[in-house]
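Subject: Structure for you to look at

Hello,

Here is the structure we talked about handing over. Please open it alongside this note; the findings follow below.

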Amino acid sequence: MLQVLSKEFSSFLNSLIAYVVIGVFLMGIGLLMWVFPETSVLDYGYADMDTLFSLGPYVFIFLIPAITMRSFAEEKKAGTMELLMTKPLSDWDVILGKFFASFCLVLVALIPTLLYYFSIYRLGNPAGNIDTAGIIGSYIGLCLLGGVFCSVGIFASSITPNQIVAFIVAAFLCFILFSGFESLATLNVWSANALLIKQLGILYHYESLSKGLIDSRDVLYFLSVIFLLLSGTKLILGSRQW
């Protein structure tokens, strides 16, 4: 698994994908946090990072599928999938290696945003007047969200040899998982089951973590979704033996 992880992560760094994704993410979030008056922290007047944690997931919906769309789709299109599977690697080694490579790239993209935290920390009146616990919880939620989106992208890439199709499918599934259940729960047809529908979506658990309270149920939810999607990928890869 570590060999696959190293190979995939190196291939990201040796191509424009990593730099474009990280650059677009940091530039987009930077403009939203510091420049655009509708969302700027300087104009808003409060020492918080709500702009990053509220808009970051929607940026991830498009950027993470762009990272993962080539994971298996490129292997299938280039005809190297069969060669990869003949190596002394289990399906899980390949899947986890590709998953952690894309997840590490997401973490690398998040690290520079810590500069935003230190900037807002110093800009607070008085300095340090910021909800650090809430920000830590939000970062944990954003990392777990990135893991879920990576698993979605890996799953989408395994079902088609076309990278564009993999991107579109992954972006659609990410959006549905993140806010689709929340919107579905607002319909006046569920009565007492509305809360249950809402809890099936990511947004409910993501907002819970953003409050600074790290509930094991929320963490378990994210890990369970990741496991289910990676298991789905394993099932698809295993179908070649049927």
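First, a term: a residue is buried when its relative accessible area is under 20%, exposed when over 50%, and partly exposed in between (1.4 Å probe, protein chains only). This is a predicted model, so to speak of local features we need pLDDT of at least 70, and side-chain atom pairs count only at pLDDT 80 or more, while totals for chains, interfaces and linings use all residues. Residues are numbered from 1 along each chain as its sequence is written, and side-chain values use heavy atoms, with hydrogens and water left out.

Salt bridges

Glu8 is buried, at 5% relative accessible area. Two lysines pair with Glu8. A salt bridge here is a side-chain nitrogen of Lys or Arg within 4 Å of a carboxyl oxygen of Asp or Glu. Lys98 bridges to Glu8 with its closest N and O atoms 2.8 Å apart. Lys98 sits in helix H7 and Glu8 in helix H1 (residues 2-13), so this pair ties together parts 90 residues apart in sequence. Helices (H or I, at least four residues) and strands (E, at least two) are DSSP runs, numbered from the N terminus. Both Lys98 and Glu8 are buried. Lys7 also forms a salt bridge with Glu8, with the closest N and O atoms 3.7 Å apart.

The whole structure has four salt bridges. Another one joins Lys198 to Glu182, at 3.9 Å between the closest N and O atoms. Lys198 is in helix H11 (residues 194-199) and Glu182 in helix H10 (residues 163-185), so the pair links parts 16 residues apart in sequence. Lys198 is partly exposed, at 28% relative accessibility. Shared partners join Lys7, Glu8 and Lys98 into one network.

Pockets

A pocket is found on a 1 Å grid over the protein atoms alone: it is an open set of points with protein on both sides within 12 Å along at least five of seven lines. A cavity is a set of points where a 1.4 Å probe fits but cannot get out, and lining residues have an atom within 4 Å of a point. Grid points are joined across faces, edges and corners, and a volume is the space filled by probe spheres set on the points.

The largest pocket has a volume of about 300 Å³. Its lining counts 17 residues; Asp50, Phe53, Ser54, Ser138 and Ser210 lie nearest the centre. H4, helix H9 (132-158) and helix H12 (202-210) each supply at least two lining residues. H4 gives the largest share, five residues. By class, the lining has nine nonpolar, four polar and four charged residues. For these classes, Ala, Val, Leu, Ile, Met, Phe, Trp, Tyr, Cys and Pro are nonpolar, Asp, Glu, Lys and Arg are charged, and the others, Gly among them, are polar.

Ser210 belongs to helix H12. Ser210 is partly exposed, at 23% relative accessibility.

The second largest pocket holds about 160 Å³. Gln199, Tyr204, His205, Ser208, Leu213, Asp215, Arg217 and Asp218 line this pocket. H12 gives the most to its lining, with three residues. The lining splits into two nonpolar, three polar and three charged residues.

Cavity

How many cavities of 30 Å³ or more are there? The count is one. The largest cavity has a volume of about 30 Å³. Val21, Phe60, Leu63, Ile64, Val106 and Ala109 line the largest cavity. Helix H4 (50-68) and helix H7 (91-110) each give two or more of these residues. H4 supplies the largest share, three residues. The lining has six nonpolar residues, no polar and no charged.

Helix H13 (residues 216-238) has 23 residues.

An unreviewed UniProt entry lists "transmembrane region" for residues 12-35, 55-73, 94-118, 138-157, 164-181 and 218-237. Those positions use the numbering here, feature names are shortened, and annotations may be inferred rather than shown by experiment. In the model, residues 218-237 are 100% helix and 0% strand, with end C-alpha atoms 29 Å apart. Residues 138-157 are also 100% helix and 0% strand, with end C-alpha atoms 28 Å apart.

Best wishes

How values were computed: The expected span of a helix is 1.5 Å times one less than its number of residues.
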